[in-house]
Amino acid sequence: MSRTQLQQEDFFKLLTVATIEPSLQSLLIFDATEKDILKIADQWAEIIKIAHRSSSSTNLLMLNSSTTEENLWGRFTIPRNPQENDRDNLSIVWQPSKLVQQNVGDLLLVVIPDLSRLSLLAMRACVTLLDSKCATLQRDGIDVTWQPHFWCIAGCQSDRLGEISPHLLDRFALRCKPPNIGGRNLDELSLMERLQLLDAETEPQTELLPIALELATRSQEIIAQGVIPLMTGEAIDRVQAYFSKYPLGMRRLLTLARLARGLASLAGEDVVKIPTVDRAVRLLGISQNLSVPTSQVTTKQSSVPESLNPRRTQSKELTSTSSNDKGLEQVVNSEVKEPLPPVIVEPKVESAPEKLDNPYLEDDAPVMRELEPLTLPMVSARSSRAGFGHPIGTQSTTTLEDISILGTVLEAAKFYNYRKSRRIWLSDLRSYRRIPVPQYQLLCAIDFTCLQDRDWLEALKPHLRDWAYVLRASIGIIRMGAKGENPLRSHLVQAKNLLSPAIFKALEGESGSGTPLAHGLDLAGRTARAALQHGRSRVDRVRLVVLTDGRGNIPLLASLEGELNYPVAQEGIDDALTVARGLSQIPRLDIVFLDPQPQFSAELPQRLAQELGAVIETVEIKRSPPPLNVEASDVKQEAI
């Protein structure tokens, strides 16, 4: 079995158990495309509908990078069909979202195609609502308390787990890599179907596979009876044995216990035993390296008489749900007889247990997230226009800057019957409340042809770590003269922060055959102007770090046209000096020049830094170790 990848039957068992177990309603899919997530969501929605015997289809709610507070909680709206066209009695009403308004019998499945690109507001909502027994909303004068009841499926690439908050990952109880199950193709959906999916009103028409239909039908009786199998003491010890080496809280231990309990329900078993726990371990993909020998198992005879069959009496659910629980509470009837002495079962000759990988891949993933990934970044703008990102709500204002027309009209409509006027008062003005965006940007123009025997990473550290990381600046790396790329052009790699894997890859490279210095500086200038001048999300200040020896042998025209005409002579250097002179005129652009101290043409870096108007910092030369003091005769003898 590959890393947490399940067969088709096992995968549908996992979905069915997640349907009937209240605390296993969140599933994280590794390395799946958006098409795969949509197919699985359709299948799971149909299983939920059949298992709960619902007459209406399961609603789907899509959460992505553009999810706002209105999508999550609700908004004020005007009724579309006022009675008798009475325009004088129009009023606005609060329309809660699907997450808040959950009537009896409503079924909701939340779909997150890419967990690493989820908006900050949606991340907070998932942390708050997943595996929660109670939720409260206080917003816009609305005070609502409800019990969240929905299922959630999310996808994420395993190499991007380090970008996600561990608190958010901890809310997803089940993880796996799914098999090919067929279903709808995202490319086959019409535009209207995609819009309905984003608006959480779609009703998928899915035909279940036979194995999924059988499991969904079997779960109907389990949900209707509400009977929960009891866990034996040996099963609880077995669960704890799998996690004794990993003291990472109680959530994982409870997940394994509840999955084993769900599998026992599907199998029609009255109690959860050790083999059922082992089956649950295989479904989760947990390594079977127990802290106790697997060949010698001590079991007790059943202490539950036939007259007290737990399948015929209503049992209680496991009460430990938080990370502070001490263990699993076992429901024991007071009339149960004392257990008999334990019986030692002789070990059977079996093959060694299959070694499975850890399904909690975030334990070994490199940390690529910010220190507080679930909080809004600090805003310390020097300009009043900085920090305009996506709107996430409205707020009261006394100016006409960034006015929300709809928010203002809805606020004025609240008091229409009282004022008897259609005028908008100053107190009705509403502006957009926007999520802060990076206010700073770091651009690094690196000439890979001058880095040999230079400690250039140490020279870059203060700008990467002490400036870009601390200020949460967006970052761009301009690669000049790197091996394996077009020698006539420079290449730009951009990311939202320093922790992106693309930035670490962009800092790696070897020397190429050409140095398009003029094109690299021109690319840096165009990127800086776009960041400082264009759009609402323009940054407040850009820092440009230039690392080069100044010997550019590719003219700017050759880089733009993609064709080099020999000879070039000084044309490449002259173009670089001309472009550098233009960069010095860009406002709010701070330029730092890293001088690699070249052995030849040492005056070129100084001339280029002067034209840039940059602050000059030197790059240290790596000192080679002193030669060994050996005699010439020893060298000849070694050669022989």
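**Labels and the values behind them**

Tutor: Helix 9 is mostly covered, with 16 of its 16 residues buried. This is a predicted model, in which local features need pLDDT of at least 70, side-chain atom pairs count only at pLDDT 80 or more, and totals for chains, interfaces and linings use all residues. Residues are numbered from 1 along each chain as its sequence is written, and side-chain values use heavy atoms, with hydrogens and water left out.

Student: What makes a residue buried, and what makes a run of residues a helix or a strand?
Tutor: Buried means under 20% relative accessible area, exposed over 50%, and partly exposed in between, with a 1.4 Å probe and protein chains only. Helices (H or I, at least four residues) and strands (E, at least two) are DSSP runs, numbered from the N terminus.

Student: Why is Gly 582 called partly exposed?
Tutor: Gly 582 has 29% relative accessibility, so it counts as partly exposed. Gly 582 belongs to helix 17 (residues 571–583).

Student: How do you know that the end-to-end distance of helix 7 agrees with its number of residues?
Tutor: The expected span of a helix is 1.5 Å times one less than its number of residues. Helix 7 (residues 210–225) has 16 residues and should therefore span 22 Å; its end C-alpha atoms lie 24 Å apart, which agrees. For helix 9, also with 16 residues, the reach from first to last C-alpha is 22 Å, close to the expected 22 Å.

Student: Which residues of helix 7 are buried, and what covers them?
Tutor: The buried ones are Ile 211, Ala 212, Leu 215, Ala 216, Ser 219, Gln 220 and Ile 222. Their cover includes helix 1 (8–20), helix 2 (34–51) and helix 9 (251–266), where contact means heavy atoms within 4.5 Å.

Student: How is the packing of helix 2 and helix 7 described?
Tutor: Two packed helices are described by the angle between their axes and the distance between the axes. For helix 2 and helix 7, the angle is about 35 degrees and the axes are 8 Å apart. Axes are lines fitted to C-alpha atoms, for helices over the stretch in contact, and angles run from 0 to 180 degrees between N-to-C directions. The crossing of helix 2 and helix 7 is right-handed: the near helix is turned clockwise from the far one by less than a right angle.

Student: Which residues of helix 2 meet helix 7?
Tutor: Ile 47, Ile 50 and Ala 51 of helix 2 do, and their partners in helix 7 include Ala 212, Leu 213 and Ala 216.

Student: What makes strand 19 largely enclosed?
Tutor: Seven of the seven residues of strand 19 (residues 541–547) are buried, so the rest of the structure largely encloses it. Both faces are covered: Arg 541, Arg 543, Val 545 and Leu 547 are buried on one side, and Val 542, Leu 544 and Val 546 on the other.

Student: How do you know which strands pair with strand 19?
Tutor: Two strands pair if DSSP finds at least two bridges between them. Strand 16 (residues 440–447) is joined to strand 19 by seven bridges, running parallel, and strand 19 to strand 20 (residues 589–595) by six, also parallel. Leu 544 is the bridge partner of Leu 443 and stands opposite Ile 591 in strand 20.
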